[in-house]
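Colleague: I would like to go through this model and ask what stands behind the labels put on it. Please show it first.

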Amino acid sequence: MPFPLICVLFRCCVGPFLLPKPLSYLKSEINLAALSIWQDNWDNGETGRSTHDIVPRVSNKPVGWNREEMMFVTGHGPLPSYLRRFDLRTHDNCWCGEKGDPIHYATKCRFTLSWHFQTPTVSLKLQWLKNILTNNFSRTRLRLLMLFIRDENTLIVEDNN
């Protein structure tokens, strides 16, 4: 059975004419246009910059991160730095006194020593994070760290409510 054809009407100097195109061609053109618009919005947006640094190209294929890895990359979840943004805490400090963001818990916090990674230099922080997300052993440690933060939140997040 032949492919269904879509007839596209074009106007030129000699008048209108029909240009038959297969449906698959039209679908691929719409997909490319949508991806282009999405990429432009992703590149020029104001939110999601930490994720943009790691995944700069949009795609219809999932990145393959689980919930805990996504929380670490975005900084969302049961972290003082995130909870402070929504006034659920009056400060963004961990019990140890430092800012309670994902990098702190992954590298410095004395309550998460079992899951610590080597502290990255500022210039190599992005590469450090990409390396963690591409190494299965590191991803497992990262998941365990985020599960610990979620499950033992009262031990590591100073409660001030």
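Colleague: Which residue lies over the face of W42, and at what distance from the ring centre?

Modeller: R49 does, at 5.2 Å from the ring centre of W42. The cut-off for a charge over a ring is 6 Å from CZ of Arg, and 5.2 Å is given for R49. Bear in mind that this is a predicted model.

Colleague: What lies over the face of F117?

Modeller: R141, at 4.1 Å from the ring centre. R141 belongs to helix 7. Leaving aside neighbours within four places in sequence, R141 is in contact with W115, H116 and F117. R141 and H116 are 25 residues apart in sequence, with their C-alpha atoms 8.5 Å apart.

Colleague: Why is F117 called buried?

Modeller: Buried means under 20% relative accessible area. F117 has 8% relative accessibility, so F117 counts as buried.

Colleague: And why does W128 count as buried?

Modeller: W128 is at 12% relative accessibility, and the limit is 20%, so W128 counts as buried too.

Colleague: How many aromatic pairs does a search of the whole structure find?

Modeller: Three. One of them is F117 with W128.

Colleague: What makes the pair of F117 and W128 edge-to-face?

Modeller: Ring centres must lie within 6.5 Å to pair, and planes over 60 degrees apart count as edge-to-face. Here the centres are 6.1 Å apart and the planes are at 90°, so the pair is edge-to-face.

Colleague: Why say that this pair ties parts together?

Modeller: Because F117 lies in the loop between helix 5 and helix 6 while W128 lies in helix 6, the pair links parts that are 11 residues apart in sequence.

Colleague: Which residues of helix 6 are buried?

Modeller: In helix 6, residues 125-134, they are W128, L129, I132 and L133.

Colleague: How do you know that they line one face of the helix?

Modeller: Seen down the axis of helix 6, the buried residues fall within an arc of 130°, so they line one face. They pack against helix 2, helix 3, helix 5 and helix 7. L133, for one, touches I54, W65, E69, V73, R139 and L142, not counting residues up to four places away in sequence.

Colleague: How many residues has the largest nonpolar core, and which have the most contacts inside it?

Modeller: That core has 22 residues, and those with the most contacts inside it are F72, Y105, W128, L133, L142 and L145. Helix 3, helix 5, helix 6 and helix 7 each give two or more residues to this core. Helix 7 gives the most, with five residues.

Key: Residues numbered from 1 in each chain as written. Predicted model: local features only at pLDDT ≥ 70, side-chain atom pairs only at ≥ 80, totals over all residues. Heavy atoms only, no water. Buried < 20%, exposed > 50% of the residue type's maximum accessible area, 1.4 Å probe, protein only. Helix = DSSP H or I, 4+ residues; strand = E, 2+ residues; numbered from the N terminus. Arc of directions from axis to C-beta. Contact = heavy atoms within 4.5 Å. Core = buried A, V, L, I, M, F, W, Y, C linked by side-chain atoms within 4.5 Å. Phe/Tyr/Trp six-rings, centres within 6.5 Å; stacked < 30°, edge-to-face > 60°. Lys NZ or Arg CZ within 6 Å of the ring centre and 35° of its normal.
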